[in-house]
Amino acid sequence: HNERMKELSANVASLSSVHVGETTKLEEEKQVLRDQMKEITKCIDQFQVKLQQITIDHENEKRSWASVVETKEEEIASFSLQIENYKTLYQEALQSKEAVEKQNQVSRQNLLGLVEKEKKERHEEVQRLRDQLENAAIFESNKTDERQRQLEISLIQHKQEAQNIALEL
């Protein structure tokens, strides 16, 4: 009976030692997982900061492009004023035709050609500038939107990974 008690006592001590070892091992693994969670949370926070910065940059870019567009619109208005000035010159040339009919005929034709040429050139320049601005704005907006979308996807994935790890803990 004593022999059996010693054997049971030794088994209990052995099991207790294994249990303590396993418990220690589990605590160490829990600590590693906690550390990993802290790192993941830190990464998520960094992504959020980066996403906010990209959003701010995107808004600043939009404002910058709006300023460029406004400047170009002012140039367009200036071009339009120049065209109006050419039209005025043309009208003045027509009024003076009584003095020199034949010379004025030539002047009028020349002036009409100049006005139309200038108008056409200005219109083409305005259209080209508008097209360039629109293309650049669309390109930058798409590029920024894609970066923001990728970061949001990445942030969601990291949050899900963090939640999965938290659930495993």
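Guide: Welcome! Two residues are in contact when they have heavy atoms within 4.5 Å of each other. The model above is predicted, so local features need pLDDT of at least 70 and side-chain atom pairs count only at pLDDT 80 or more, while totals for chains, interfaces and linings use all residues. Residues are numbered from 1 along each chain as its sequence is written, and side-chain values use heavy atoms, with hydrogens and water left out.

Visitor: Which residues are in contact with A162, beyond its neighbours within four places in sequence?
Guide: They are M37, I40 and I44.

Visitor: What makes a set of residues the largest nonpolar core here?
Guide: A nonpolar core is a set of buried Ala, Val, Leu, Ile, Met, Phe, Trp, Tyr and Cys residues, joined through side-chain atoms within 4.5 Å. In this model the largest such core has nine residues: M37, I40, I44, L51, I54, L151, L155, A162 and I165. Both α1 (2-95) and α2 (101-168) supply at least two residues of this core, and the largest share, five residues, comes from α1.

Visitor: How many helices and strands does the protein chain have?
Guide: The chain has two helices and zero strands. Helices (H or I, at least four residues) and strands (E, at least two) are DSSP runs, numbered from the N terminus.

Visitor: Why is the protein chain called more spread out than a compact globule?
Guide: Its radius of gyration, taken over C-alpha atoms, is 40 Å, well over the 15 Å that the globule rule gives for 169 residues, so the chain is more spread out than a compact globule. That rule is 2.2 Å times the number of residues to the power 0.38. The C-alpha atoms fill a box of roughly 145 × 15 × 15 Å along the principal axes.

Visitor: What makes Q148 count as buried?
Guide: Buried means under 20% relative accessible area, exposed over 50%, and partly exposed in between (1.4 Å probe, protein chains only). Q148 has a relative accessible area of 17%, so Q148 is buried. Q148 lies in helix α2, and Q148 touches L51, I54 and T55, not counting residues up to four places away in sequence.

Visitor: How do you know that E118 is buried?
Guide: Its relative accessibility is 12%, so E118 counts as buried too. E118 lies in helix α2. With residues up to four places away in sequence left out, E118 touches Q82 and Y86.

Visitor: What share of the 169 residues is buried?
Guide: Buried residues make up 16% of them.
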